[in-house]
Amino acid sequence: MDNSDYQSNGQIMTDEELKEQLEGMSNDEVLDIFLESLLIEKGFTNLDDETKKEMIAQLKERAVDMINYSIIEALPEDKVEEVTSKIDGGENAEEAMNAAIKESGVDAEKITGEALAKFRELYLGEETAKE
């Protein structure tokens, strides 16, 4: 299977089919699917629902931290200071970050994709990094 093929319910999907399936889903739902696929790739295929939910929640916390860190690293220093000041002043952290991203022109989607690729590499181990 190459990078343009994906599995869903045991069937291979093309990029276009995957885009159609993901259309209309929230970022949170897409992240859950991504993390569940990591569990499967790691060999955790026989988990009960409760254990799977707990593992996905733990992975999600780490993945979101990595995404946020990557975005903050990409922001200009003045925007980081502005976000920090807004959060310290009681503003919603997500709203402050979104405003800084929009104002700075940082490509958050690209950074998120790169952060998740790195997360996958780290989670699955060195074998993936060498492929």
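What follows is a short chat about the predicted model shown above.

Reader: What kind of model is this, and what is counted in it?
Author: It is a predicted model, where local features need pLDDT of at least 70, side-chain atom pairs count only at pLDDT 80 or more, and totals for chains, interfaces and linings use all residues. Residues are numbered from 1 along each chain as its sequence is written, and side-chain values use heavy atoms, with hydrogens and water left out.

Reader: What is the mean pLDDT of the protein chain?
Author: The mean is 85, and 84% of the residues reach 70 or more. pLDDT is the predictor's confidence in each residue, from 0 to 100.

Reader: Where does pLDDT stay under 50?
Author: Over residues 1–8. For that stretch the model has 19 contacts beyond four places in sequence, a contact being heavy atoms within 4.5 Å.

Reader: OK, the fold. How many helices and strands?
Author: Seven helices and two strands. Both are DSSP runs numbered from the N terminus: helices are H or I with at least four residues, strands are E with at least two. Along the sequence the pattern is β-β-α-α-α-α-α-α-α.

Reader: What share of the residues is buried?
Author: Of the 131 residues in the protein chain, 23% count as buried. Buried means under 20% relative accessible area, exposed means over 50%, and partly exposed lies in between, with a 1.4 Å probe and protein chains only.

Reader: Which residues have the most contacts inside the largest nonpolar core?
Author: Leu35, Leu75 and Tyr123, in a core of 24 residues. The elements giving two or more residues to this core are α2 (27–42), α3 (49–74), α4 (77–88), α5 (93–104) and α6 (108–124). A nonpolar core is a set of buried Ala, Val, Leu, Ile, Met, Phe, Trp, Tyr and Cys residues joined through side-chain atoms within 4.5 Å.

Reader: What does Leu75 touch?
Author: Not counting residues up to four places away in sequence, Leu75 touches Val80, Met97, Ala100, Ile101, Ser104 and Val106.

Reader: Now Lys79. Buried or exposed?
Author: Lys79 counts as buried, because its relative accessibility is 12%. It is found in helix α4. Its side chain and that of Glu103 are joined by a polar contact of 2.6 Å. A polar contact is a pair of N or O atoms within 3.5 Å; within protein, one must be able to donate a hydrogen and the other to accept it, and residues adjacent in sequence count only if both atoms are side-chain atoms. Leaving aside neighbours within four places in sequence, Lys79 is in contact with Ala100, Glu103 and Ser104.

Reader: What about Lys60?
Author: Lys60, found in helix α3, is buried, with a relative accessible area of 17%. A polar contact of 2.5 Å joins its side chain to that of Asp32. Not counting residues up to four places away in sequence, Lys60 touches Asp28, Leu31, Asp32 and Leu35.

Reader: Back to α6. Which residues in α6 are buried?
Author: Ile111, Ala115, Leu116, Phe119, Tyr123 and Leu124. Glu121, also found in helix α6, counts as partly exposed at 31% relative accessibility. Glu121 and Leu38 are 83 residues apart in sequence and 9.9 Å apart in space, C-alpha to C-alpha.

Reader: What should the 17 residues of α6 span?
Author: 24 Å, at 1.5 Å a residue, and the end C-alpha atoms are 24 Å apart, which agrees. The expected span is 1.5 Å times one less than the number of residues.

Reader: And what follows α6?
Author: Gly125, whose phi is positive, near 100°.
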